[in-house]
Amino acid sequence: MSSTDVPAGTGGLAGESWQKSWPEVVGKSIKEAREIILKDKPDADIVELPAGSPVTRDFKPNRVCIIVDTVA
């Protein structure tokens with residue numbers, strides 16, 4: 001199991017593992033990051049947030065936050 005998989009019973013659905021981070025998108029454009037994330041998790045509800053923004057702590061299994069700290 002990789003560090004991005006969550007075993008059943010720890011927040012995922014029974015028997016399901018899910019990716020919780022995509023380190024390979026660091027430095028990519030938002031469009032490229034979205035494409036990579038949606039390829040791995042087609043049902044992702046992607047939210048873009050500026051760095052330092054408050055983040056809600058409620059759990060939604062399909063939500064993926066892209067934290068943007070540089071505008072090009």
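User: What lies 2.4 Å from a polar atom of the side chain of R63?

Analyst: This is a predicted model, by the way. To read such a feature, look for what the polar atoms of a side chain face. Here, the backbone oxygen of D58 sits 2.4 Å from a polar atom of the R63 side chain.

User: Where is R63, and which residues is R63 in contact with, leaving aside neighbours within four places in sequence?

Analyst: You'll find R63 in strand β2, which covers residues 63-68. Setting aside neighbours within four places in sequence, R63 is in contact with D45, V47, T56 and D58.

User: Next, the helix. Which residues of α1 are buried?

Analyst: For a helix, check which way the buried residues point. In α1, A33, I36 and I37 are buried. Seen down the axis of α1, the buried residues fall within an arc of 95 degrees, so they line one face of the helix. Over on the other side of α1, K31 and K39 are exposed.

User: What do the buried residues of α1 pack against?

Analyst: They pack against β1 and β2, and β2 is the strand that holds R63.

User: Where is K41 found, and what does K41 touch, not counting residues up to four places away in sequence?

Analyst: K41 is in the loop between α1 (30-40) and β1 (45-50). Not counting residues up to four places away in sequence, K41 touches W22, P61, N62 and V64.

Definitions and conventions: Residues numbered from 1 in each chain as written. Predicted model: local features only at pLDDT ≥ 70, side-chain atom pairs only at ≥ 80, totals over all residues. Heavy atoms only, no water. Helix = DSSP H or I, 4+ residues; strand = E, 2+ residues; numbered from the N terminus. Contact = heavy atoms within 4.5 Å. Polar contact = N/O pair within 3.5 Å; in protein donor to acceptor, adjacent residues only side chain to side chain. Buried < 20%, exposed > 50% of the residue type's maximum accessible area, 1.4 Å probe, protein only. Arc of directions from axis to C-beta.
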